[in-house]
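Q: I have a model open and want to go through it. Can we start with what sits around the ligand?

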Amino acid sequence: TSKKLNVKTGMDTESIKADILSHLRYSLATDIETANKKEFYKSVVLSVMDRLHDSWLNTQKEYREKKTKKIYYISMEFLIGRLLDNALVNLNLEQEFRDACKDLGYDYEEIRDIENDAALGNGGLGRLAACFLDSMATLGLAGFGYGIKYDYGIFKQKIHDGYQIERPDDWLRFGTPWATTRPSVMYPVRFYGRSVPYTDEDGHLRFKWENTQHVYALANDIPMPGFRNGVVNNLRLWKATSPKSLDLTSFNQGEYINAVRDIELHENISRVLYPNDKIFVGQELRLKQEYFLVSSTLQDILREYKQQHDDLRDLPKYVAIQCNDTHPNLAVPDLMRILMDEEGFDWETSWDITVKTLSYTNHTVLPEALEKWPVSMLRNLLPRHLQIIYEINKRFINKVHEHFGDDVNRVRRMSIISEGEQPSVQMANLGIVGTHKVNGVAALHTDLIKKTIFRDFFEMYPERFTNKTNGITPRRWLKQCNKPLADLITSEIGDSWITHLSDLRKLDDKVNDKKFMKKYSDIKQQNKERLAAYVKENYGFELNTKAIFDIQIKRIHEYKRQLMLAIYAAAQYNYIKANPDAPVVPRTIIFAGKAAPGYAMAKMFIKLINSISDKINNDPDMEGKLQCFFLDNYSVTLAEQLIPAADVSEQISTAGMEASGTGNMKFALNGAVTIGTLDGANVEIKEEVGDENIIIFGLTVEGVEELRRSGYSSWEYYNADKALKQVIDQIRDGFFEPDHPSLFHTITNSLLDGNDYFLVLADYPAYAEAQKEVDALYSKPDEWFKVALYNTARVGKFSSDRTISDYATDIWGCEDQLNKGRE
Ligand code: 26V
């Protein structure tokens, strides 16, 4: 060609092709003739990386030069999924890379599908962190993610004979081209030892943490590009590695082998993500992981800070640290320790800096999820931190006395250390006392924490509590995953919605535009067919694309009540069997989700769903009327396939238990109709889309409270609803599992003798009615798609850009940075 190629940075197809070829040859030592798909994929990503590096470096340089306030988002989980599409969308290079792949003999989609999800999270909390990184970069905030580079992410789920089987997620088997190891960024993280008092030159009592053992934290950086704004922020993931002091001198062979084996012990800290969602298990390795993250991150933050500023007392002016749940809350005592023991500040100064710099987000009210680390474990692993926590608590209890007088019970409830058989440190209490802002993740949830678990604290520090309703990034959750809809929207109202999601309101007017509505509904159909093809190829089922696609995808948990949809599926089966000639609106029910490996009840739900599915799908009478499937190994990538194809979004948690939910937002944005309870962000979705455009049923938070207070009896509900009773009897008596008729007794026992803590039976009749409403609405396609469009048009509030702007303004004090330098 006559045009000059710019192999590393050219944004044209020819330069990109040349770069891919050059990476095949000079990075991977292969060539286009002999390379396999994996190698080609790697070269593609390396070529994308080349196109990020200038912006990545320039962005960091600009932050340094302008002394921009930095936001550090510390999280044990980042559920980022695949990165290729996202990077290309944000760089505006989708077409060029597509063409480059094609010219070199590869189909872009096939190459994209090579990438393993980076599944370093359990569910909503980790995915939220990933959406926040996208929004911080897009808004031009100097926002950095800090986490752990687990060798193994959330386990891979297989289904054998209807049961969940876990397999390790070896996502790094062939390495990841997205992560750059930074050997120059490595910090020792200390454990064990003891706290030793001494008197300093000024005669002050001080402490030293001595006789420690340590591991090293090694930085691995993943670029986080903003949407077409030249900003590239950073996600820094720490990998544990053994200290050099394990130098293997003058050992005999046995000692040498053992010493090498010890390296593995150190590296175990970053080996695997804990797969529990919302259940606290006080394992020491988990505590080590949490401190490993906090310690390395604080060292990094302070090193960076000292390069640009000279007075640590200004830390809160230039740095904000957000703790994602209580998992990083050891940042409170660790920052205190650094400021006092290493920087020589007194308690009051250190405390002031600490509280003003840190803030903490609560993501659940479920008591079993709250972290309570045994004092004995902390004493052993982090003795100096325990000592500081005791001092924080002592001073705090004095304040409680000042504030409330002598109220022994209140003091007991508010104490950071809970006494008793197994004294423990309440990490949530530590987070409230040691930070300047605590936020809930939806309006209802924030109200609840103020009234329930944190009530005493709210009475003492009302100004600390604030709501930040969750959001999702419209880049991944509309532009990338639903290209046909994104293109239609852009052709109608322009593309401002990509960064100003509320502009989708302009679509409101289109409900009466027949041509538009036809295109809108055709896209849903097309997405359903695309999903059907995907499911056929990957799972071997034929989905009925004429049916309502009714989807519940999320972690399997009793409070999320997958059981209620399963009962509904079985009740529909019974109805069709009893009324073979009655007209029914066809439905295809799809479940996906992982159960924590130790959560027996959730695992039983999976088996039950599979047993019910088998019954339904193998009965010819159901043909064209009812289907039910459990898709294994739910992931970000699978969600990207399912959500654009959904007609109905199941958001049916027991009111008060789902802090926010974010899947609910993704579905609504993609034009699914929500059937849901007044829980979490469903409440706010209803406010936005209007009461007529969401199907709400069941008990409210107050209703739940009232029912429990007045004496709930699940037996009454069981006896009162014939269809419900029939299904429960069938589950109990082995109808769905004839070879093992008592298999599901744990489930039916918890519903009946166990009195149904999650109120499935109490809400079931209202749920079945709501499902009838779904049928009726779906039978009038024009009306259905109006409702669907109102969902797409009116959920702009739930952009994570809005969420991040709110954090920036009310918590991080960096609203002046928002959209800097952008038009
Ligand atoms: C706790 C623990 C305990 C130790 C082991 C691992 C582990 C992992 C997670 C948790 C807390 C989970 C809290 C959580 O995931 N909350 C979800 O957060 C979403 C984002 O705010 C929100 O949308 C969901 O409603 C909420 O359930």
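This is a predicted model: local features need pLDDT of at least 70, side-chain atom pairs count only at pLDDT 80 or more; totals for chains, interfaces and linings use all residues.

Q: How many residues surround the ligand, and which are the closest?
A: 19 residues surround it, and the closest are Lys 278, His 363, Asn 470, Glu 658 and Gly 661.

Q: What does Lys 278 put by the ligand?
A: A polar side-chain atom of Lys 278 is 3.2 Å from a ligand oxygen atom. Asn 470 also has a polar side-chain atom by a ligand oxygen, at 2.8 Å.

Q: How much of the ligand does the protein bury?
A: The protein buries 98% of the 590 Å² that the ligand exposes when taken alone.

Q: What is the shell made of, by class?
A: There are six nonpolar, eight polar and five charged residues in the shell.

Q: Which element gives the largest share of that shell?
A: Helix H6, residues 124-138, with three residues.

Q: Where does the ligand lie relative to domain 1 and domain 2?
A: Between them, because both domain 1 (67-82 + 117-470 + 806-817) and domain 2 (533-798) give residues to the shell.

Q: Switching to the core. How many residues are in the largest nonpolar one?
A: The largest nonpolar core has 267 residues, and Trp 178 and Trp 812 have the most contacts inside it. Helix H21 (residues 562-578) supplies the largest share of this core, eleven residues.

Q: Now backbone angles. What is the phi of Asn 211?
A: It is positive, about 60 degrees, although Asn 211 is not a glycine. Most residues other than glycine have a negative phi.

Q: Where is Asn 211 found?
A: In the loop between strand E9 (205-210) and strand E10 (213-225).

Q: Is Asn 211 buried or exposed?
A: Exposed: Asn 211 has 60% relative accessibility, and the cut-off for exposed is over 50%.

Q: What about Asn 633, what is its phi?
A: Asn 633 has a positive phi of about 55 degrees, and it is not a glycine. Asn 633 sits in the loop between strand E21 (626-631) and helix H23 (636-642).

Terms used: Residues are numbered from 1 along each chain as its sequence is written. Side-chain values use heavy atoms; hydrogens and water are left out. A residue is near a molecule or strand if one of its heavy atoms lies within 4 Å of it. A polar contact is a pair of N or O atoms within 3.5 Å; within protein, one must be able to donate a hydrogen and the other to accept it, and residues adjacent in sequence count only if both atoms are side-chain atoms. Accessible areas come from the Shrake-Rupley method with a 1.4 Å probe; for residues, only the protein chains shown count as cover. Helices (H or I, at least four residues) and strands (E, at least two) are DSSP runs, numbered from the N terminus. Ala, Val, Leu, Ile, Met, Phe, Trp, Tyr, Cys and Pro count as nonpolar, Asp, Glu, Lys and Arg as charged, and the others, Gly among them, as polar. Domain bounds come from an automatic or database domain assignment. A nonpolar core is a set of buried Ala, Val, Leu, Ile, Met, Phe, Trp, Tyr and Cys residues joined through side-chain atoms within 4.5 Å. Buried means under 20% relative accessible area, exposed over 50%, partly exposed in between (1.4 Å probe, protein chains only).
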